[in-house]
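Dear colleague,

Please find the structure for your review directly below. My notes on what was found follow it.

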Amino acid sequence: MVHRREIADQPIWFGNQGGLWGNAMTWFDHATGSVWSQPLGLAIAGPRRGQRIDLLPSLLTSWQAWREAYPHTVALDARGGGSGFDLRAMVIVVELEREAVAYPVTALQRVGVINDELAGVPVAVVADPRSPDRWNVFSRRTGARIVQFTAHERGIRDQQSGTVWDATTGLVVAGPSDAQPLLRIPALTSFPRDFLTFWPRGRFWTIAN
């Protein structure tokens with residue numbers, strides 16, 4: 001997950017605090033020593049307790065899947081071991097206005113796209129049909145319309161207009177020339193057992209929804 005590391009336009013420098021809170025990493029900020037929760041972007045102890053930093057759109061995926069989508073990526077050339085994370089065992093968490101929903105990755109991969117609404121915001125949680133390791137969350141609002149998406153071999157499709165968007169980038173790949181790219185919604189991955197620890201009033205999405 002990626003956060004904007006600033007408050008009131010002032011940058012904050014973080015370090016690894018070395019402990020876990022709710023089975024997740026904690027940080028400290030160098031200026032005040034406050035302790036922050038990684039999933040929440042929330043200061044949980046210290047002078048900045050209660051302050052938050054914004055979550056930014058990001059993606060937990062394999063390096064191969066990332067390079068296929070963004071072949072010109074420049075990365076740190078450092079040796080690393082294999083990841084112990086299995087995306088199929090995780091949920092995708094979307095939080096808007098303190099309303100949180102967990103979307104199981106296995107369910108998403110079965111249906112391809114989930115049309116939902118959180119805090120009055122229409123969202124689409126999307127699995128890329130070209131790779132099981134790529135997913136994204138977009139706003140379903142395009143101009144004055146709210147779109148109902150269906151899965152498509154190249155991404156997601158609006159049946160009304162015939163527009164097709166790429167499931168990873170949100171860019172238009174087919175359809176009217178005036179169609180606009182989709183707005184990405186920040187989201188993160190979590191283990192199901194940890195979801196209610198951080199979002200006790202959250203809900204799990206099921207196919208029956």
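Which element gives the most to the lining of the largest cavity? Helix α2 does, with three residues. Before the details, two remarks on conventions are needed. This is a predicted model, in which local features need pLDDT of at least 70 and side-chain atom pairs count only at pLDDT 80 or more, while totals for chains, interfaces and linings use all residues. Residues are numbered from 1 along each chain as its sequence is written, and side-chain values use heavy atoms, with hydrogens and water left out. Helices (H or I, at least four residues) and strands (E, at least two) are DSSP runs numbered from the N terminus.

Cavity and pocket

Rolling a probe the size of a water molecule over the atoms shows where empty space is left. The search uses a 1 Å grid over the protein atoms alone: a cavity is a set of points where a 1.4 Å probe fits but cannot get out, a pocket is an open set with protein on both sides within 12 Å along at least five of seven lines, and lining residues have an atom within 4 Å of a point. Grid points are joined across faces, edges and corners, and a volume is the space filled by probe spheres set on the points.

Across the whole structure, one cavity of 30 Å³ or more is found. The largest cavity holds about 30 Å³ of space. Its lining consists of Leu-87, Val-105, Leu-108, Gln-109, Ala-127, Pro-132, Asp-133, Arg-134 and Trp-135.

The largest pocket has a volume of about 440 Å³. It is lined by 23 residues, of which Met-1, Gln-38, Phe-85, Met-90 and Thr-189 are the closest to its centre. Two or more lining residues come from each of β20 (188–190) and α3 (192–198).

The sheet of β11, β12 and β13

Strands of a sheet pair through backbone hydrogen bonds, either parallel or antiparallel. Here, three strands form an open sheet in the order β11-β12-β13, with antiparallel pairing; two strands count as paired if DSSP finds at least two bridges between them. β11 (113–118) and β13 (135–139) stand at the edges with a single partner strand each, so one side of each is left without a neighbour in the sheet. From one strand to the next, the twist averages 25° (axes are lines fitted to C-alpha atoms, for helices over the stretch in contact, and angles run from 0 to 180 degrees between N-to-C directions).

β11 and β12 pair over six bridges, and Val-113 stands opposite Val-126 in β12. The hairpin of these two strands has two residues between them, and Ala-119 in that hairpin takes a positive phi near 50°. Strand β12 (residues 121–127) pairs with β13 over five bridges. The bridge partner of Val-125 in β13 is Val-137.

Nonpolar cores

A nonpolar core is a set of buried Ala, Val, Leu, Ile, Met, Phe, Trp, Tyr and Cys residues joined through side-chain atoms within 4.5 Å. Buried means under 20% relative accessible area, exposed over 50%, and partly exposed in between (1.4 Å probe, protein chains only).

The largest nonpolar core has 20 residues, and Ile-92, Val-94, Tyr-103, Trp-135 and Val-137 touch the most other members. At least two residues of this core come from each of β9 (91–96), β10 (99–104), α2 (105–111), β11, β12 and β13. Apart from it lies another core of 13 residues, including Ala-24, Val-35, Ala-102 and Phe-195.

Contact means heavy atoms within 4.5 Å. Leaving aside residues up to four places away in sequence, Val-137 touches Ile-92, Val-94, Val-123, Ala-124, Val-125, Leu-183, Arg-184, Ile-185 and Ala-187.

Individual residues

Asn-23 lies in the loop between β4 (14–20) and β5 (25–29). Its phi is near 65°, a positive value in a residue other than glycine, and at 42% relative accessibility Asn-23 counts as partly exposed. Glu-97, in the loop between β9 and β10, has a positive phi near 50°. Glu-97 is exposed, with a relative accessible area of 72%.

Met-25 belongs to strand β5 and is partly exposed, at 34% relative accessibility. The C-alpha atoms of Met-25 and Gln-38 are separated by 5.6 Å, although the two are 13 residues apart along the chain.

Thr-142 sits in strand β14 (residues 141–142) and is buried, with a relative accessible area of 18%.

With kind regards
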